[in-house]
Amino acid sequence: MSGARGTRSIHDMLRRSFAGLVAGLLAPTVLLAGLLVLLTQRYDAVIADTSRAAVVSETLESALPDEIWRVISGRVRFEEGAQETMLAGAERELSGMLARADDDGQRRTLGAALRAVGTARRYVAQLGVQMARGGAVSRNESLYREITDVSSLAATMLRRYVSEETVRLGQLNAHIQIATGITLLALAVLLGVLLRQAGRSLRTVDDAIRDSLARLEGMAARIAQGDLSARVPPAGVAELYRLTGDLNDMAGQLERLLEERARQEARTRKAELRALQAQITPHFVYNTLETIVWLAEEGRNREVVDMTMAFTDFLRISLSRGQDWITVAREEQHVRSYLAIQSVRYGSIMRYEIDIDPALGACRMLKLMLQPLVENAIYHGIKGKRGRGFLRITGRREGDCMRFTVEDDGVGMTPERLDGLRRSLRDPDSRSGYGLRNVDERLRLYWGAGLTIESEYRKGTRVGFVVPCIQEEG
């Protein structure tokens with residue numbers, strides 16, 4: 001819902017607050033998590049390369065010399081030995097480690113080990129040639145010693161690399177611990193800030209609703225005391241902006257109608273009824289706003305919006321820009337808005353059904369014909385019943401006419417009380433049944449026939465009327 005410039009929507013305020021909380025928590029969390037992931041990946045890579053170096057060192061220092069000796073001693077043919085596979089694997093592992101190294105010291109150590117493995121590989125090749133030619137055993141043993149020395153040198157370099165990497169692992173682990181601590185501390189601080197911001201946002205929304213509703217409640221109280229000059233400034237909350245304007249319009253119309261009545265005591269009966277019709281009961285307005293305030297204090301913001309919208313529609317249709325005639329569809333909407341408001345107060349004791357033929361929606365009728373009957377059924381029928389009551393509003397076409405009924409299963413009336421009510425509708429000085437009498441008088445003024453009332457004690461009451469079906473012009 002949009003209001004005038006400067007107003008704020010409850011929905012927008014809550015949405016912005018939520019978006020701010022999510023963004024404030026997500027951005028640093030992703031950043032810190034990314035840092036931890038990078039450190040952890042680096043730690044895992046160092047462990048993997050350290051393990052590879054240890055395996056290659058063991059191969060060069062022990063497994064390779066043993067395999068060469070087996071070849072020299074004649075237990076395994078040179079072509080069947082695993083020395084080439086060992087050396088190729090060592091070179092492949094060392095080349096990969098050298099490519100991943102990010103430190104000059106690592107590169108020098110791994111480079112020296114790789115060169116030593118290359119030298120050992122050349123000695124092994126010479127050994128293969130020597131043995132293929134049937135060379136002297138002493139020459140083979142000499143090559144064996146060269147291979148062993150070079151392999152031992154490469155293994156020594158790799159042990160140095162493992163030692164350096166072990167120190168580096170300790171440093172990385174310390175960095176990870178520090179980063180984890182900083183992350184936890186930062187998240188704790190951030191969470192505290194966000195919780196504080198959330199509290200401030202909720203207070204802002206609560207204050208905006210409370211301030212606007214308090215002004216509306218004060219205006220309703222002044223109107224209830226007879227001060228029809230009461231006005232309120234436009235609400236700062238968009239959902240209440242239209243309600244504020246409608247209440248000010250209502251108060252202005254009430255004030256103008258009363259001034260007009262004071263100046264013209266000789267006004268016709270129809271004009272008097274129109275003035276009475278336009279007077280929205282201040283007590284109902286006060287109770288409605290009080291209920292909205294209660295819902296707001298309970299934090300039921302969705303119901304505050306729904307009830308505010310229903311009350312706004314109720315007032316708009318009640319006023320109808322001073323027009324006496326409205327469509328059946330708008331009269332039905334007026335009753336729905338009224339029942340939506342009353343359901344918040346009496347929902348535990350009341351169920352209702354509105355069954356008006358949609359084909360009647362475009363027909364015209366006097367406004368505020370059904371709501372007084374519904375109000376009478378609630379207050380004098382259903383409220384007095386023990387247990388939950390049911391209210392049904394129907395509208396049907398009968399030839400060129402429309403028949404409307406309001407039926408409840410409340411306490412009903414005895415024959416004597418029913419007869420007294422029917423007599424009071426004819427008595428202009430009677431103070432009982434104002435809502436029914438007002439509807440009955442307007443029906444008789446325009447069409448000559450009033451309300452029909454049927455009731456049975458402890459069974460319920462049925463009130464109805466018939467009016468011509470007048471199509472909407474245009």
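Keep in mind that the model is predicted.

I'll start with the strands. Strand β4 covers residues 389–398. On one side of the pairing list is strand β2, residues 350–356, which runs parallel to β4 and is joined to it by 7 bridges.

What lies between β4 and β5 in their hairpin? There are 2 residues between the strands, and in this hairpin G399 has a positive phi near 65°.

Next, helix α2, residues 83–100. Its 18 residues should span 26 Å at 1.5 Å a residue, and because the end C-alpha atoms are 26 Å apart, the model agrees with that expectation. Which residues of α2 are buried? They are Q83, L87, G89, A90, E91, L94 and M97. As a reminder, an α-helix has 3.6 residues a turn, so residues three or four places apart point the same way.

Last, the cores. The largest nonpolar core has 58 residues, and within this core I393 and F465 touch the most other members. Leaving out residues up to four places away in sequence, F465 has contacts that include M365, M369, L370, L373, M402 and F404. Apart from that core lies another, of 29 residues, with L143, I147, V150 and M157 among them.

That's all from me.

Methods: Residues are numbered from 1 along each chain as its sequence is written. This is a predicted model: local features need pLDDT of at least 70, side-chain atom pairs count only at pLDDT 80 or more; totals for chains, interfaces and linings use all residues. Side-chain values use heavy atoms; hydrogens and water are left out. Two strands pair if DSSP finds at least two bridges between them. Helices (H or I, at least four residues) and strands (E, at least two) are DSSP runs, numbered from the N terminus. The expected span of a helix is 1.5 Å times one less than its number of residues. Buried means under 20% relative accessible area, exposed over 50%, partly exposed in between (1.4 Å probe, protein chains only). A nonpolar core is a set of buried Ala, Val, Leu, Ile, Met, Phe, Trp, Tyr and Cys residues joined through side-chain atoms within 4.5 Å. Contact means heavy atoms within 4.5 Å.
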